[in-house]
Amino acid sequence: MRHYLQCGRFGFNLDSKALVMGILNVTPDSFSDGGSFNKLEFALSRAEEMVAAGAAMIDIGGESTRPGSPSVPLAEELQRVMPVVYALQGLGVPLSVDTCKPEVMREVLIAGADMINDVNGFRAPGALEAVRDSDCGLCIMHMQATPQTMQREPHYDDVVAEVIAFLRERIDAMTAAGIDRERICIDPGFGFGKTVAHNYTLLREIGRMRSELARPVLAGLSRKSMIGAVVGRPVEQRLAGSLAGALAAVAQGARIVRVHDVAETVDAIQVWQAATSFN
Ligand code: 9MG
């Protein structure tokens, strides 16, 4: 199966390799000090550090999507994200922006972002139109309900079939709008309206998602509660569990893993790749 992903200024052949996407949160709780110059300096040095450690793309997020997080007003999200997109233009890797807001999508694409990562699967009115006429990469993620309500008793009759049906419907909506399939990657959305059992069922079935939808799969498990539920550790002690989760996702066929701990994940994947052959 051919796995090419167009990502703005960049293009990736994912036939025989898995990439690491480094997470760059630019929410106020991710900075130790309040000055805006220092925020930008901090974001830049963190991004450079991740690229030096082997990150193939950086995902910039100005709105927390953790369960129960409130939505951030448009102006606030733009204020957080835009200076970072401008500052990181010369980084040499694609800049992805994690947002659900069409207005943010439009502005960051003008500023030079290469990819939009939408945990809402581009369902907001105007989202498809906002990304249609660029050549940015697009990550369509599955989420049941909203970040505010998603972990209140998530229910599925058949979680894998329902997630695949959702992703298929979104791919069809995007291609019907004139968007090239080569710009799209898909994501089961670990932790977004799923129990621990739903998450691990989806993890085991990444290969089915990939073969039924014929697009590269992006997986985000880093430090999440599905890891904590197994290892019984708080978020700051989930590195080993997250590495195992990333390798499990790659072994099942994921081609991009979204992580906090870039250096460790890159090493783990390199050893995995040396020891196995990709399918
Ligand atoms: C923003 N964000 C948080 N978790 C995520 C995940 O699992 N996938 C994607 N695409 N984005 C995520």
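This section describes the ligand site, the cysteines, a strand hairpin and selected loop and helix residues of a predicted model.

Local features were considered at a pLDDT of at least 70 and side-chain atom pairs only at pLDDT 80 or more, whereas totals for chains, interfaces and linings use all residues. Residues are numbered from 1 along each chain as its sequence is written, and side-chain values rest on heavy atoms, with hydrogens and water left out.

The ligand is surrounded by Thr-65, Asp-98, Asn-117, Val-119, Cys-139, Met-141, Asp-187, Phe-192, Leu-218, Gly-220, Lys-224 and Arg-258, where a residue is near a molecule or strand if one of its heavy atoms lies within 4 Å of it. Among these residues, Lys-224 places an N or O atom of its side chain 2.6 Å from an oxygen atom of the ligand. Gly-220 contributes a backbone N or O atom at 3.2 Å from a ligand oxygen atom, and a polar side-chain atom of Arg-258 is found 3.4 Å from a nitrogen atom of the ligand.

A search of the whole structure returned zero disulfides, a disulfide being a pair of cysteine sulfur atoms within 2.5 Å. For Cys-7, the closest cysteine sulfur belongs to Cys-185 and lies 7.2 Å away, which is too far for a bond. Cys-136 likewise is in no disulfide, the nearest cysteine sulfur being that of Cys-7 at 8.1 Å.

Strand E1 (residues 4-7) pairs with strand E2 (residues 10-13) in the antiparallel sense over four bridges. Helices (H or I, at least four residues) and strands (E, at least two) are DSSP runs numbered from the N terminus, and two strands pair if DSSP finds at least two bridges between them. Leu-5 has Phe-12 of E2 as its bridge partner. Two residues separate the strands of this hairpin, in which Gly-8 adopts a positive phi near 60°.

Positive phi values also occur at residues other than glycine. Ala-214, in the loop between helix H7 (206-213) and strand E9 (218-219), has a phi near 55° and is partly exposed at 33% relative accessibility. Arg-223 occupies the loop between E9 and helix H8 (225-231); its phi is about 60°, and its relative accessible area of 31% makes this residue partly exposed.

Thr-27 is located in the loop between strand E3 (19-25) and helix H1 (36-52) and is buried, with a relative accessible area of 8%. Beyond its neighbours within four places in sequence, Thr-27 is in contact (heavy atoms within 4.5 Å) with Gly-61, Gly-62, Glu-63, Ser-64 and Arg-80. Gly-228, a residue of helix H8, is buried at 11% relative accessibility. With the neighbours within four places in sequence again set aside, Gly-228 is in contact with Arg-233 and Arg-238. The C-alpha atoms of Gly-228 and Val-108, which are 120 residues apart along the chain, are separated by 34 Å.

Key: Buried means under 20% relative accessible area, exposed over 50%, partly exposed in between (1.4 Å probe, protein chains only). A polar contact is a pair of N or O atoms within 3.5 Å; within protein, one must be able to donate a hydrogen and the other to accept it, and residues adjacent in sequence count only if both atoms are side-chain atoms.
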